[in-house]
Amino acid sequence: MATEGNLQAPTRHALDWKNPDFHDEEKCLHELERIFDICHGCRRCVSLCGAFPTLFDLVDESKTMEVDGVDKRDYWKVVDQCYMCDLCYMTKCPYTPPHEWNLDFPHTMLRAKAIKFKKGEVGLAEKFLASTDVHGQFAGIPIVVQTVNAVNKTKVARKVMESVAGVDKDAWLPELATRRFRSRTPEAKATVVNDGEKTPGKVAIFATCYINYNEPGIGLDLLKILDHNEIPYVIVEKEKCCGMPKLELGDLDSVQASKEANIPVLAKYAKDGYAILTAVPSCALMFKQEIPLMFPHDADTQLVKEHLWDPFEYLMARKRDGLLKTEFPQKLGNVSYQIPCHGRVQNIGRKTEEMLKMIPGTTLNTIERCSGHAGTFGVKKATHQTAMKIGKPVFKAMATMKDGAKPDYISSDCPLGGGHIAQGFEVNGLGAPTLKHPLSLVAHAYGLKNGLD
């Protein structure tokens, strides 16, 4: 007899994407019907994103008011609303493995997206948006980058981008950096490796496309924090996009290509005893969860998984080793901080919050809810307004501290989510606090110069 829900933490099964049945549309639709029927009878996830309200509306408007009354062609409307945040699996669903119903909503959506991609139903514009290594190449080129940034701010260019590339003309877009992170990183000041009980004493930085091409200051602030704490670091010799944008499209072959480029390089650092840090939660999640689930028998992939750290996960473990400096001469005042979905899914706890709370003269308002940005989902014309709607409760919750005061800073570990939140403040008339990444806040609290100084 099936039990009502799990009494154990959810576990993930490997993604059997090499099995021919994985791309069998009829079998996928049968599985979608199975899990949709379970979701319809539960409805705990209705507030998370657009996928579940879309499903429940389809059911409630059908002739039978059950899943069997929904046209299977409409299943794709549900699939298109899923942006792989994973929160339904990790925080809401009572029927995830080890429950016998074995319900994995995000990975079933991923299977459907992979079928859609294989059928050639993903357009060139979506493929381009997911090719961060391609459109990031303009970063750091004198004159060109300034021209691109200036043009992208004009109404004419944004209308063209909307019609040609499907980028909503009103969506916030990050600027390209005038100098790439990888071209401006200083050598580490520390040379002595001081291993702790919980932490390796040396760090390898996986820069990520976003830090390299868009906001190098975040990466430079991380390096300053490591220098301040006398932790030697190196920049990973070479890297390719982690593959998350391609995963969200269902382009699993491209994810494999990224894996084959990155894992051999990262595995060398892991074998040499480095902690591998990456400052973008989605990139960390790719190496900690998605790639290991796609390649469960690849020893190097599993090794990288074990050596990959979120920066604050590493810093807080360093503190437990008694090796983190905890004197902060600069206070931060009121900080509204959002924990991004892909940070929560890593199951590391509230490590960023833990560090920010160590800073004297700082009041923290932590919001643990999806901002709605979700990578390319937040900028596409078809989904930008949905992303803003999903994020609105976050914008409002971050706009006021618990005592009614206004925040001096708004912050999120996800740089894209942070930009989306700042736009939400502007659109909803919630004020204009300074947007600053948590690493930059900590660097400031330590009294270190901003990464761009």
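This is a guided tour of a predicted model, stop by stop.

**Stop 1**

Start with Lys 27 and Asp 21. Their side chains form a salt bridge, with the closest N and O atoms 2.9 Å apart. Lys 27 is partly exposed at 41% relative accessible area. Asp 21 is also partly exposed, at 34%.

Now select Lys 119 and Glu 25. This pair forms a salt bridge too, with 3.2 Å between the closest N and O atoms. Lys 119 sits in the loop between helix H5 (105-118) and helix H6 (124-129), while Glu 25 belongs to helix H1 (residues 25-42), so the bridge ties together parts 94 residues apart in sequence. Lys 119 is partly exposed at 41%, and Glu 25 is partly exposed at 26%. The structure holds 25 salt bridges.

**Stop 2**

Go to Arg 43, in the loop between H1 and helix H2 (51-60). Its phi is near 65 degrees, a positive value in a residue other than glycine. Most residues other than glycine have a negative phi, and most peptide bonds are trans. Arg 43 is partly exposed, with a relative accessible area of 28%.

Next, show the backbone of Pro 97 and Pro 98. A cis peptide bond joins them, with omega about 15 degrees. Pro 98 lies in the loop between helix H4 (87-92) and H5. Stay in the loop between H4 and H5 for Asn 102. Asn 102 has a positive phi of about 50 degrees, although it is not a glycine. At 33% relative accessibility, Asn 102 is partly exposed.

**Stop 1**

Val 164 lies in helix H9 (residues 155-165). An α-helix has 3.6 residues a turn, so residues three or four places apart point the same way. Is Val 164 buried or exposed? Val 164 is exposed, because its relative accessible area of 63% is over the 50% cut-off.

**Stop 2: two crossing helices**

Select helix H13 (residues 252-271) and helix H14 (residues 281-294). They pack at an angle of about 115 degrees, with their axes 11 Å apart. The crossing of H13 and H14 is left-handed. Show side chains to see the contact. H13 brings Leu 252, Val 255, Lys 259, Asn 262, Ile 263 and Leu 266, and H14 brings Met 286, Phe 287, Ile 291 and Met 294.

**Stop 3**

Move to Lys 351 and Glu 354. Both lie in helix H18, three residues apart, about one turn of the helix. Lys 351 is buried, because its 19% relative accessible area is under the 20% cut-off. Glu 354 is partly exposed at 26%.

**Stop 4: a buried histidine and an exposed glutamine**

Find His 373 in the loop between strand S6 (362-367) and helix H19 (384-398). His 373 is buried, with 3% relative accessibility. Which residues does His 373 touch, not counting residues up to four places away in sequence? They are Trp 172, Gly 378, Val 379, Leu 416, Gly 417 and His 420.

Step on to Gln 385, in helix H19. Gln 385 is exposed, at 52% relative accessibility. Draw a distance from Gln 385 to Val 70. The two are 315 residues apart in sequence and 26 Å apart in space, C-alpha to C-alpha.

**Stop 5: the covered helix**

Finish at helix H21 (residues 438-445). H21 is mostly covered, with seven of its eight residues buried. The buried ones are Pro 438, Leu 439, Ser 440, Leu 441, Val 442, Ala 443 and Ala 445. What do the buried residues of H21 pack against? Their partners are helix H11 (216-228), helix H16 (311-320), strand S5 (333-338), helix H18 (351-356) and strand S7 (409-412). Just after H21, Gly 447 takes a positive phi of about 85 degrees.

Note on methods
Residues are numbered from 1 along each chain as its sequence is written. This is a predicted model: local features need pLDDT of at least 70, side-chain atom pairs count only at pLDDT 80 or more; totals for chains, interfaces and linings use all residues. Side-chain values use heavy atoms; hydrogens and water are left out. Helices (H or I, at least four residues) and strands (E, at least two) are DSSP runs, numbered from the N terminus. Buried means under 20% relative accessible area, exposed over 50%, partly exposed in between (1.4 Å probe, protein chains only). Contact means heavy atoms within 4.5 Å. Axes are lines fitted to C-alpha atoms, for helices over the stretch in contact, and angles run from 0 to 180 degrees between N-to-C directions. A crossing is left-handed if the near helix is turned anticlockwise from the far one by less than a right angle, and right-handed if clockwise. A salt bridge is a side-chain nitrogen of Lys or Arg within 4 Å of a carboxyl oxygen of Asp or Glu.
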